[in-house]
Each structure stands twice: as structure tokens, then as C-alpha cells.
Amino acid sequence: MDQNITMVPELFVSDLDGTLLDKTARIPKKSREILNRLAGRGVLFTVATARTPLSAVPILCGLDLRLPAVLLNGGMLYDMKSHRILEVVGFRPEQAERLAKAEERMEVHGLLLTVRGGRISLNLGPKTDAAGLWDGYFDWKRVCEIGSVEPEILRRGAGALKSECVVYGLYMDDRPKRLAGMAQMLGGEPGLCLDFYKDVYTENRWCLEITSGDTSKKRGVMELRRRCGAGRVIGFGDGKNDLPLFAACDEAYAVANGREILKAAADGVIGSNLENGVAVYMEERCKKYAENTCGEPLSVKHGGEGETI
């Protein structure tokens, strides 16, 4: 069908890892083709992820994303077309101070992102080698070509950034002990959001990601909803960290490979990330509306129990 969708604007928002992306952290060709076709027909779609522009921009390249992306777990609204930061929420000064003390005590340095004047600076700790664990995690040359990123990598740790707007921290190690200690030190800080995990894409790599606890996917999606004037929001996710996204939605669907805790909170279960679940569901939903059926429900499993809604 060539006609545009003319429904009361619905905003579709998808998580990335485990939801829209395949096991190689890419958007499958079929999903990209479907989503671009729907965008051309006026369907509102974007993503909400913990990722930064450093990794999100290369992943989303080739996707016709006309709305801002919700990045940093809601801490940043980012225009993928113009590479402009529309909104950002950084650490409070006392949180940056606590981070500096944790770095010093645990002798851990990583990558810290700061924002000034709408530009992102990369701050790699002075004792952190850009190769080693980091080799292959970021294509530094490509990262520095992103329109919002300053081209020079600065060798500064958290102690040198106390007066700047720190928006994100990433620490990596091939052994989890030091990162676990750092996470424990910072875990009592209510203004920070910590995610300590073993990387699913690389062997023997543990990561500690830190974002502002003063925001969430819920807040980011609600702000985006306000900006684009959407009537309803439909969300997609796979894990516990997508519960705040679901809280911002009128309808929410877990992919089949998702965690049970999210399926229990969802309105239904759709195909897995390896089955192009999000894109296929959106296409079927828009097709049913365009054909002006009597609002018949799509065939999804409710709460993972095998019922249709």
C-alpha cells in the first residue's frame, strides 16, 4: 500500500539490544527495510536505549529515524539526522566527586563522556590504554567523525571533571573483581544508575556503565511524546531495564526472547529479535489499521501464557 497512515499519531519506541538488534548487535536487513518503509508512510518510530551516541549512531546508520532517539537510559534526546543533542541530564557535582574517589580507591579508569555547548568530549582515563580491552569495542576513528563528538580524545579521569557536565561512564576489565568493588562503592549513591554485567558480545569482558539516576527511559519517552504530540505510545523491550520504558507506554510488548519479569508486565509477546519481531508486529498492526478492519487484535501471546489478545 502506498497511502499514508492517517491514524491518531501512535509513537512506537523500541529498545535496542536483545529487542531490535540481532546477536551481532546489528539491525537485521528485513527489520531495516520494514521500518524505513513505515517511516515513509508517516509512522512514528524511534529507539530508547542505554547506549550513547558513540555506539548508537553507527548501529542506527541506514535507518530512517525521523524522531530523536532516547539515549543514555533517558538522559539524552539525540537528533540522528542533524547530530544535535536536544536535551541532556548529567551527574550532579557531588556524584562526580564520588566517582572520582571510587576511581582512585579501586585504581580503575575508563571512558567518561562530558557535554559542553552541545558537543560531546571523550575523556579516557590517563591509565587506560585505548587498545587492549577497548580495541574493537569502539572504532575510535569513526566515533570521532560523529557530528556531535569532539575529534580529540582527552586523557582525563573523573578527578579532572568535577566542574564539567559528566553524562556517562564506562569501565571495562577482563576480570570482574575491581569493577564489582567499584559498583559496590557507588551502589549507595541514589543519584547514579549502575549496570554491571558480563558483555554478551565479547568473551572475558566485564563492563560497568554509569548514567544519571535523575532520569530514566520513562522520563525520556514522556518528553519525546510531549514534543511530537503522539496520541499513544507503544513500546518494545526484552529485559528488566525496559520496565521504565513500559511505564511510559499505553501498550507494551516483550519479544519472545525477553525475560519473564518483562513478559509479566507486557500486554503481549511478539516474535523474537532474531525473527524481526518488532518490525513485523508494527507492519502487521499498521496494515490492519489501513485495511480498516474492526479493530481485530493481532495474534500475540499475552504475558507469555499463550493466549491471544
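1. Which side chain is joined to that of Lys217 by a polar contact of 3.2 Å? In this predicted model, the partner is the side chain of Asp15, where a polar contact is a pair of N or O atoms within 3.5 Å, one of which, within protein, must be able to donate a hydrogen and the other to accept it, with residues adjacent in sequence counted only if both atoms are side-chain atoms.

2. On the basis of the values, residues are numbered from 1 along each chain as its sequence is written, and side-chain values use heavy atoms, with hydrogens and water left out. As the model is predicted, local features need pLDDT of at least 70 and side-chain atom pairs count only at pLDDT 80 or more, while totals for chains, interfaces and linings use all residues.

3. The chain holds 9 helices and 16 strands, these being DSSP runs numbered from the N terminus (H or I of at least four residues for helices, E of at least two for strands). Of its 309 residues, 52% are buried, a term that means under 20% relative accessible area, with exposed meaning over 50% and partly exposed lying in between (1.4 Å probe, protein chains only). Among the contacts with a separation of 6 or more, 62% are between residues 24 or more positions apart, contact meaning heavy atoms within 4.5 Å.

4. Helix H6 covers residues 217–228, and its 12 residues reach 16 Å from the first C-alpha to the last, close to the 16 Å expected at 1.5 Å a residue; the expected span is 1.5 Å times one less than the number of residues. The buried residues in H6 are Lys217, Gly220, Val221, Glu223, Leu224 and Arg225, and the helix is followed by Gly229, whose phi is positive, near 70°.

5. Lys217, which lies in H6, counts as buried because its relative accessibility is 2%. Leaving aside residues up to four places away in sequence, Lys217 touches Asp15, Ala48, Thr49, Ala50, Asn73, Gly74, Asn241, Asp242, Pro244 and Leu245.

6. Asn73, one of the residues touched by Lys217, is placed in the loop between S3 and S4 and has a positive phi of about 55° although it is not a glycine. Leu72 is found in the loop between strand S3 (69–71) and strand S4 (76–79), and likewise has a positive phi, of about 50°, without being a glycine. Asn73 counts as buried because its relative accessibility is 16%, and Leu72 counts as buried because its relative accessibility is 2%.

7. Helix H1 (residues 29–40) packs with helix H9 (residues 277–290) at an angle of about 35°, their axes being 9 Å apart; axes are lines fitted to C-alpha atoms, for helices over the stretch in contact, and angles run from 0 to 180 degrees between N-to-C directions. The contact is made by Lys30, Ser31, Ile34, Leu35, Arg37 and Leu38 of H1 together with Ala279, Val280, Met282, Glu283 and Cys286 of H9.

8. Pro28 sits in the loop between strand S1 (10–14) and H1, and its C-alpha atom is separated by 10.0 Å from that of Ala279, 251 residues apart along the chain. At 16% relative accessibility Pro28 counts as buried, and it touches Leu20, Asp22, Asn273 and Asn276 when residues up to four places away in sequence are not counted.

9. H3 and H5 pack at an angle of about 145°, with 10 Å between their axes, and the contact is made by Arg98, Leu99, Lys101, Ala102, Glu103, Arg105 and Met106 of H3 and by Arg178, Gly181, Met182, Met185 and Leu186 of H5. In helix H5 (residues 177–186), the buried residues are Leu179, Gly181, Met182, Ala183 and Leu186; what covers them includes H3, strand S9 (166–173), strand S10 (192–198) and strand S11 (206–212).

10. Gln95, found in helix H3, counts as buried because its relative accessibility is 0%, and its side chain reaches the backbone oxygen of Gly191 at 3.3 Å. Phe91 is placed in the loop between strand S5 (84–88) and helix H3 (93–106), and counts as buried at 8% relative accessibility. The C-alpha atoms of Phe91 and Thr211 are separated by 7.5 Å, although these residues are 120 residues apart along the chain.
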